[in-house]
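Visitor: I am new to this structure and would like to know what the terms rest on. Please show it to me.
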Amino acid sequence: MRSRKTWWWAAVLVLGLGVAVVCFREPPGGDSSSSPHVRAAETERARARFAPLLAPHAEGSLRITGVVRDARGPVAGVQVSASRVDADTLSERPCPQQPSDHRHASPWLHHGNCCFVEMAAGFARWVEAREGEAPVVAQTLTADDGTFVLKGLSAGAFTLWALGDTGATVRPGIPAGSDAVLLLLEPGFFFSGRVVEELTRAPVPGAQVTLIHEDGSRFFDALTDAQGRFRAGPLPAGRYLKVASAKGWRTKAFDDDVWRDADTDVTLELQRRTRLEGLVLTPEGLPASGLDVHLRPTEEGGDTSSTRTDVHGRFVFEEAAVAPQELWTQARDGTTHGEAWVTPPGNVVLRMKPSWSMEGTVRDEQHRPLAGVRLRVSSHRLGGQPPPATLTDAAGRYRLGLLLNPAINLELMREHYIDRLEPVSLGKAHEGPWDFTLTRAQQFEGRVVDTEGLPLAGAQVTLDMTHDVPERLFRSHFPEDGIAESDETGHFFVDSERKGSGRVLVTARGFRSVLLPVEVPSTGVRVVMSRGASVSGEVLDATGRPVSNAKVWLWNTAPRSGDAHRADVDAQGAFSLGGLEPGHYVVEARLRTPGIERAVSQPLDLEERTQATVSLRFQEGRTVRGMTVDSAGQPVPAVRIQACLLLEDVPAWQTDAPDCFPGGEGGILSGLDGRFVFNHLTASAYRLIAWKEGEAFAPSRSRGGTPDTTALLVTAGKEDVRLVLERRPRLRGQVVSDNGTPLPCEVRERSPWVHAPDGTFKLPLPEDGPARIQVRAKGFLDLQREFVVSPGTDIDLGTLRMSRGRTVRFRVLDEATRAPLAGVSVGFDPLSDPLTPLGHALPSHYGNLDAEGGIALEGVPFERASFFISVHTNAETEKEVVLDATQETVTVLVPGPER
């Protein structure tokens, strides 16, 4: 963390910022009789809302003065602050996959979601530690006439924030020393939602949710209540990264690509942290001490945790996430390894297995040894580590070790030779050495230069030896026979498996792509690239301010062109594209906001070497207001509504129209009074769709437009809309045990599982037609029931009686020594029909045997059952085991690891 973030910053942030977001909008119909200039009641309320402001440490002698206004005039009691981003703030940190050269690296937010997966764990750590936050260097409250003075500023530009009871705004790029700065207070929006446990969807009370304004790296905090709900605002419009954390839970970052300017409600899922214990054994079954053991999530990006075994081979992860994870270890010399897939909590045993190895020689077609051949395994990797790889020496010899399985796919690669993929089965009839022959590739060699003859480095050269791709689709559907990149002298060398006629595509940033017919082999080919036409411009909102989070597309309108170029917009709303061919284009800016994707476009004709400049300005558009109501006309709150373009209005040159399907957490939200507002509608007509859990949208009963089967068509001039939602049928039932007493259980019609503490459930049904419910309870057999949903008709399943199941313990022993095969990986699959005559699903299981060589299989019915057991030692052993109707212990004998 930066050294200048001393203790007084923490006090300023807690007192100045933390309280600023815990505010609430007045309900509709509040007092509007205040003075059009200064509203004294709001002034006192705002001042009471903030703790006394601490004076930040003065970094300079400059100041910024100005006034805060809204549509009715100056606003008193608004908190105004100045912050400054630098290379250490979140918004300025580059994507990890970007070149290290600062001339090409760009902040992660300007790449949308392109690198969020790689950086999510880092974001979570930084925010939890309060790193990456833009420091607030000055702050104050507006006076009775709405004026403010920010003092003690050093030279440079600052971002100004105005946060009030009734609205908020942000203005970047204000130089220190500026006077009469106008901050126009906008309505702002409220960010609300809930934090829940990932598996059970139970609320997480006391969780902290941090909302990070991406452009300004400003942190806003809120805490969840007893129901896991949080609410923050009003906040200024922008894109927000979300980070949720709670004691005993894994901190997690959440991202989306939506510009927030309307009230938003989201669900954030956290994983509980718990204890995972384990034991590592050698292949002989002895404790393995001093080994590093690693734990890594399998379903999403996350950090790898590590610990070490003690003298008894035991290890502990105190704070493992309750989620599927890969657990692994490896001997320091790489000769043995062990792995398991676990979902904590629990106690797991890892039995080390010998790692395989192979060796041999690689030669050319004349049987001469080849040095520098790269051999790499393309099959399963341990813990996400790089795959095992090696190079042949001067005599063409290699040794490849640390192989996890005897069956592998081996890649052999060497420049100027044809790559080879070879399936290999180790330990079978062929025990080695493993020798291979590589065939010389056909050569295609040349240089890339610009129109002045200067070499171009970094140009990508792609060779295609097929002829079945339409030329206008060539660039987007290019079959790759060989790819190379030009060096600093512009030289390239492409290897090809075939000779004959082909085509080569050469691309370079800022230059027109070149497509040439070629003959292979060829040498001395000279490729000349021209800079072609270019387009630069700016994206503005309706008031003329820069829009930094839009996406810009340049569409080639020629039929079947397949050409679309995309540009990122910087913080000043500027973009540029180069290396374009002559033609007719449409340049388009898009901005995803809740409920609608706004767009503005402009046709553009480009000639050779044209340098066009455009300005794309979003229109203010019209407003549509409405209400979401039930069949009786009463308001229905928290309905999600989305406005969609008609398909016939989607331009022909667009290859990807915005999605328009009900469901999920998109759309704008109707308020407590059912009211909603759509702003910035620019098309002549929109289809409005609405959805809420347990409700069904009824376009035919709605008004203010023309209904179809799924939406209400609203045209220009329609500004008062009523969207009717009808109650969906409910599914009811009572779950009891085999003795008739109510049974705590979990019920699922689709997902997620719903907990029924007293066995009584009532679920909304989302669709008409066939459906199925699943019920589960510990110690009982899973239950399934099928039914048919009819419009407007509730379904009562009555009493559902669950049958007790048995737990069968299997012990797997070495058939020679009768020693338990502790830590060995096993799989159990039902051999009979998955559904028994009583309708119960037979269980399956995959995991490692415990310290006694055992594993417990729950949920087995009291009837004859057959299982297929696979035991994974050095070689896989498969056996069929048949259980009678009462059996609860089974011993399975298999060959030991050494056999």
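Guide: Helices (H or I, at least four residues) and strands (E, at least two) are DSSP runs, numbered from the N terminus. Phe 123 and Trp 126 both lie in helix α3, residues 116–128. They are 3 residues apart, about one turn of the helix. This is a predicted model, in which local features need pLDDT of at least 70 and side-chain atom pairs count only at pLDDT 80 or more, while totals for chains, interfaces and linings use all residues. Residues are numbered from 1 along each chain as its sequence is written, and side-chain values use heavy atoms, with hydrogens and water left out.

Visitor: What makes Phe 123 and Trp 126 an aromatic pair that is edge-to-face?

Guide: Rings of Phe, Tyr and Trp (its six-membered ring) pair if their centres lie within 6.5 Å; planes under 30 degrees apart count as stacked, over 60 as edge-to-face and the rest as tilted. Phe 123 and Trp 126 stand 5.7 Å apart, centre to centre, with 75 degrees between the planes. The pair is therefore edge-to-face.

Visitor: Why does Phe 123 count as buried?

Guide: Buried means under 20% relative accessible area, exposed over 50%, partly exposed in between (1.4 Å probe, protein chains only). Phe 123 has 0% relative accessibility, so Phe 123 counts as buried.

Visitor: What makes Phe 810 and Phe 867 a pair that links distant parts of the chain?

Guide: Phe 810 is in strand β61 (residues 806–814) and Phe 867 in strand β65 (residues 865–872), 57 residues apart. Their rings are 6.3 Å apart, centre to centre, and the planes make 75 degrees, an edge-to-face pair. Both Phe 810 and Phe 867 are buried.

Visitor: Why is Arg 231 said to lie over the face of Phe 190?

Guide: A charge sits over a ring if NZ of Lys or CZ of Arg is within 6 Å of the ring centre and within 35 degrees of the ring normal. Arg 231 is at 3.9 Å from the ring centre of Phe 190. The charged end of Arg 218 sits over the ring of Trp 161, 5.1 Å from its centre.

Visitor: How do you know that β32 and β33 pair?

Guide: Two strands pair if DSSP finds at least two bridges between them. Strand β32 (residues 460–464) and β33 have 4 bridges in the antiparallel sense, so they pair. One of the bridges joins Leu 463 to Gly 482 in β33.
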